[in-house]
Every structure is written in C-alpha cells, then in structure tokens.
Amino acid sequence: MTRFLSLSIVSLLALAACETTNQAMRMGPDGRPLPVVYRIGENDVSRVQVRMRDAMNTLRAQSGLAPLELNAQLTSAAATHARDMSVQQRPWHFGSDGSSPVDRARRAGYTGVMTGELISETFETELETLNAWMGARETRVVLLDTRPREMGFAFHQDPNGKLWWALVMGQPAQFAMAGDATGALMR
C-alpha cells in the first residue's frame, strides 16, 4: 500500500512537471537548485483548484474512497482563511477573529459536517503541497478520511511569492449521521 501511494505521488509530480519552460535551473553557491517562485495568476485559479481535486481523487480512488467534488462554500471558507493566515503571517487553524475552521465553514453557508482542514505556508505548487501532506501520517489521515464527499481549496499569494494554502473537507448533510462531530483539524 505504501509503495502504491508512493508511486501515485511520483506519477502526480511527473504530470505536474509536464509544463515546460526554457529557463535554466539556477544553482546556489552550495550547488543545490535555488527555489523557483511559483506564480499563480488570476486566470489560473480554477485550473489550480481542479488540478488539486483531480489529484486528490486519484489518490482516494487508489484507496477505494469516494471522489470529492469542489464545493463553493468550503472554497470560500478556505479562501478566507488563506488570506487571513497571510495577514497573521502564521499558518494555524484559528482566524484573527478567533474563528475555528467550523466557524468559517458555517459562515460561508456550508450546511454539512466539516471533517478536516489542512493548511500550508510554502513556495511550493499545489501538487508538491499535496505530496507533503500525503507524506505525513497526521495529514494523510485527513486526505483519506472516508466521510468527505466535498472539498474547498484556495490559496493566497503574497507579493514575494509565498503561498498560503487551505484545504477544507466536508460531508454533505445528507450523508452525515445524527450527532456526527466535526473531524480532525490538521496542518
């Protein structure tokens, strides 16, 4: 199973590398490649979101899990939090107003059960961020939770190129059991 997930992640990264550039890789004084700022334009937002959803659904399918659909309310909650993390200059699950992930999902009009939130502060692409989340047990559990059927995914990019990613997952009300509590909140 671990080997299968590793091969899946490698495949996703290979697909991400299909976009070609004519720039030579810049090397630092230590001989290592210098980070390249991943810029996302306004016209790229939906492409980035769909690419993340599709990559997550590939990983979930390989684990026998139901696919996720993008949800406008969860995406709104994710976008609000990504911007707020940038304002706070720290990746954490609480808003500058003290809001929790559940609060933000409710404020955005989500009527289902919010099952988890993943966040990241990075210069990496969405697929590299997904790879990092899959590489850590505590975040992989959120991605491969059996309950979610919906997701919201958004980011905020600072002028220096730093990305603040937020992924919110939820279970529609029709699938939630009475008394179902909110799930894991992971980084």
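**Figure 1. Salt bridge between Asp-97 and Arg-107 in a predicted model.** Asp-97 and Arg-107 form a salt bridge, with their closest N and O atoms 2.8 Å apart. A salt bridge here is a side-chain nitrogen of Lys or Arg within 4 Å of a carboxyl oxygen of Asp or Glu. Asp-97 lies in the loop between helix 3 and helix 4, and Arg-107 lies in helix 4, so the pair ties together parts that are 10 residues apart in sequence. Both residues are exposed. Exposed means over 50% relative accessible area, buried means under 20%, and partly exposed lies in between (1.4 Å probe, protein chains only). This is a predicted model: local features need pLDDT of at least 70, side-chain atom pairs count only at pLDDT 80 or more, and totals for chains, interfaces and linings use all residues. Residues are numbered from 1 along each chain as its sequence is written, and side-chain values use heavy atoms, with hydrogens and water left out.

**Figure 2. Phe-94 in the loop between helix 3 and helix 4.** Helix 3 covers residues 72-88, and helix 4 covers 101-107. Helices (H or I, at least four residues) and strands (E, at least two) are DSSP runs, numbered from the N terminus. Phe-94 is partly exposed, at 38% relative accessible area. Which residues does Phe-94 touch, not counting those up to four places away in sequence? They are His-81, Asp-84, Gln-88, Ser-99, Ser-100 and Arg-104. Contact means heavy atoms within 4.5 Å. The C-alpha atoms of Phe-94 and Arg-104 are separated by 9.5 Å. These two residues are 10 apart along the chain.

**Figure 3. Two further salt bridges, Asp-44 with Arg-47 and Asp-145 with Arg-147.** The closest N and O atoms of Asp-44 and Arg-47 are 3.9 Å apart. Asp-44 is partly exposed, with a relative accessible area of 25%. Arg-47 is also partly exposed, at 35%. The side chains of Asp-145 and Arg-147 meet at 2.8 Å, N to O. Is Asp-145 buried or exposed? At 14% relative accessibility, Asp-145 counts as buried. Arg-147 is partly exposed, at 22%. The salt-bridge count comes to seven.

**Figure 4. Packing of helix 2 against helix 5.** Two packed helices are described by the angle between their axes and the distance between the axes. Helix 2 (residues 45-62) and helix 5 (residues 126-135) pack at about 30°, and their axes are 10 Å apart. Axes are lines fitted to C-alpha atoms, for helices over the stretch in contact, and angles run from 0 to 180 degrees between N-to-C directions. Helix 2 contributes Val-48, Arg-51, Met-52, Ala-55, Met-56 and Leu-59. These meet Glu-126, Leu-127, Leu-130, Trp-133 and Met-134 in helix 5. The contact residues divide into nine nonpolar, no polar and two charged.

**Figure 5. Ser-120 in strand 2.** Strand 2 spans residues 113-122. Ser-120 counts as buried, at 14% relative accessibility. Beyond its neighbours within four places in sequence, Ser-120 is in contact with Thr-129, Trp-133, Leu-163, Trp-164 and Trp-165.

**Figure 6. The protein chain as a setting for the close-ups.** The chain has six helices and four strands. From the N terminus on, they run α-α-β-α-α-β-α-α-β-β. Of the 187 residues, 45% are buried. Among contacts between residues at least 6 apart in sequence, 72% join residues at least 24 apart.

Conventions
Ala, Val, Leu, Ile, Met, Phe, Trp, Tyr, Cys and Pro count as nonpolar, Asp, Glu, Lys and Arg as charged, and the others, Gly among them, as polar.
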